[in-house]
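Open your viewer and follow along, one selection at a time.

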Amino acid sequence: MRGAGEGLRWAACELHAHSIHSDGRLQVAELARYAAGRGLDLIALSDHNTVSGLAEAAALGGQYGSEILSAMELTTFYGHILALGVQDYVEWRGLGREGAGGAVAEIRSRGGLAGIAHPFRPGNPFCTGCFWEFEGFESGEADYLELWSEPDPHLAPCNARAFEQWISLLDRGFRVAATSGTDYHGPGREGLCATTFLGCEPGPGALGAAALAALRRGRVAVSLGARPSLALGRRGEGRSYGPGEELPPGPGRLEARAVLLPWRGAASRLPELRAELARFLWRGGSTEAGLAPDPEAGGALAAQVELPPSVEGYLRVEFRGSVRGEAALIGFTNPVYLGPA
Amino acid sequence: MDQGALLEVEARLGPEDSRSHRSFPFELPPGARELELELAFEPAMLEDEALAARIAFEAGRRFGIGPEEASRRAREGLRNLLTLSLDGPGPSFRGCAHRQGPRVLAILSAAAASPGFLPGPLTAGAWRATVSVHCVASPRCSFRLRARAR
């Protein structure tokens with residue numbers, strides 16, 4: 001099946017990191033080097049409540065092989081809001097318990113995207129403001145949710161709660177993106193870091209702008225290892241649709257194909273990860289298929305299924321297997337949405 | 001206050017002050033080449049281990065953490081977190097020190113600034129230092145805030 005995501009450049013991203021400008025341990029340039037070492041194309045510098053590292057980040061450009069996306073983490077008393085793509089400070093100090101909607105609107109008016117960081121990470125007095133306690137704001141109204149936080153995100157119960165919340169929002173018709181973010185503060189934490197892949201339009205502009213556009217559209221996949229992809233189409237029709245796109249109604253039988261693709265940052269993780277099957281999920285149902293080497297792409301694993309006509313709302317895929325011998329979710333795509341019939 | 005001192009305050013806080021701000025205006029005279037702020041608070045964390053275990057257990061229930069995990073976190077220590085931010089005339093945001101540790105020193109000039117802060121003109125006029133009390137875990141916490149110009 002051809003078409004889905006064709007022509008897009010899937011940028012490997014870390015969307016949550018701190019430097020010495022807040023409570024991180026690395027200088028901005030060291031963070032850029034760290035990102036390059038992970039094989040990333042882009043790392044967001046999202047210091048707590050300040051933007052003082054962004055001038056240096058801009059001056060670095062991509063000289064270490066990774067670009068830095070300007071950002072700030074609004075580290076409020078009632079939740080942490082990631083403002084991706086903002087260049088200047090976003091005021092948070094006046095935000096009360098009902099303030100999330102205003103902050104999100106302000107971030108968008110500056111051309112940024114607003115994400116809810118680690119929504120269920122235990123808050124005060126363990127991690128101040130970390131647990132999302134804003135009121136009068138539906139999480140699905142944010143631009144994205146950081147479902148997988150910190151290293152070894154597949155093991156944390158608070159991430160599993162975030163995942164459940166995301167599914168419930170999708171089932172209710174929200175089209176909100178889901179990402180990972182290591183919340184990197186410097187060396188010392190063991191564990192696998194997840195990567196967020198963003199389907200960027202190719203072009204001469206800066207990668208950061210294309211990455212923001214991709215996240216806004218929901219062209220997103222997340223993985224501990226190889227890059228997940230999903231293509232959904234109808235038999236006999238020419239094209240297929242990828243994450244963030246909308247499949248129009250039609251008579252043809254639905255077919256979906258899920259692939260795990262090698263990328264440079266995944267090589268070092270191979271001994272720890274084993275991918276076994278792809279589970280295709282939609283509102284109220286799911287089906288699964290084993291992954292097998294993809295004859296069309298060297299090193300890739302693929303699974304293809306026919307879907308029942310009852311599929312509605314969206315289709316997304318979870319890749320399951322094992323990490324260090326324990327059964328685990330190892331990656332997932334954001335949904336392809338199904339247009340109203 | 002010594003020469004060059006612009007602000008010197010002390011305050012006492014308790015857990016009920018968590019999630020609030022204390023804002024302190026001061027006047028920067030013309031001709032300053034450097035502005036220095038210092039925030040120090042104590043204690044850095046809740047030192048009473050039995051009380052820490054009780055608080056962690058209660059908080060753990062709110063966040064879905066079991067007793068073992070709560071106890072582990074209590075042993076790691078429940079920290080107080082006070083952060084310092086600064087606004088110049090306008091007002092214009094001039095930075096924030098959001099990090100663990102009970103002592104913050106920030107020095108700003110036209111050309112350079114401590115991490116977290118923005119270099120730029122030290123415009124004479126109304127400035128404001130804000131202590132954001134994210135969390136007081138100890139029964140009492142006192143802080144001292146000073147600003148001086150050179």
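Predicted model: local features only at pLDDT ≥ 70, side-chain atom pairs only at ≥ 80, totals over all residues.

**Stop 1: a residue in chain A.** Select A:T195. It sits in strand β8 of chain A, which covers residues 195-200. Is A:T195 buried or exposed? A:T195 counts as buried because its relative accessibility is 0%, and the cut-off for buried is under 20%. Now show its contacts, leaving out residues up to four places away in sequence. Among them are A:A12, A:C13, A:R38 and A:L40. The list also includes A:S180, A:W263 and A:R269, along with A:A221, A:V222 and A:S223.

**Stop 2: a sheet in chain A.** Select the five strands in the order β11-β10-β13-β17-β16 of chain A. They form an open sheet with antiparallel pairing. Which strands stand at the edges? They are β11 (240-241) and β16 (292-293) of chain A; each has a single partner strand, so one side of each lacks a neighbour in the sheet. Zoom in on β10 of chain A, residues 227-234. Two bridges join it to β11(A), and the two run antiparallel. To find one of the bridge pairs, select A:L232 and its partner A:Y241 in β11(A).

**Stop 3: chain B.** Colour chain B by secondary structure. It has two helices and eight strands. From the N terminus, the order is β-β-β-α-α-β-β-β-β-β. Its C-alpha atoms fill a box of roughly 55 × 25 × 20 Å along the principal axes. Of its 150 residues, 49% are buried. Finally, colour by charge. Chain B carries 20 positive and 18 negative side chains, and the centres of these two sets are 3 Å apart.

How values were computed:
Residues numbered from 1 in each chain as written. Chains lettered and ligands numbered in written order. Heavy atoms only, no water. Helix = DSSP H or I, 4+ residues; strand = E, 2+ residues; numbered from the N terminus. Buried < 20%, exposed > 50% of the residue type's maximum accessible area, 1.4 Å probe, protein only. Contact = heavy atoms within 4.5 Å. Pairing = 2+ DSSP bridges. Lys, Arg positive; Asp, Glu negative; His and termini not counted. Charge placed at Lys NZ, Arg CZ, Asp CG, Glu CD.
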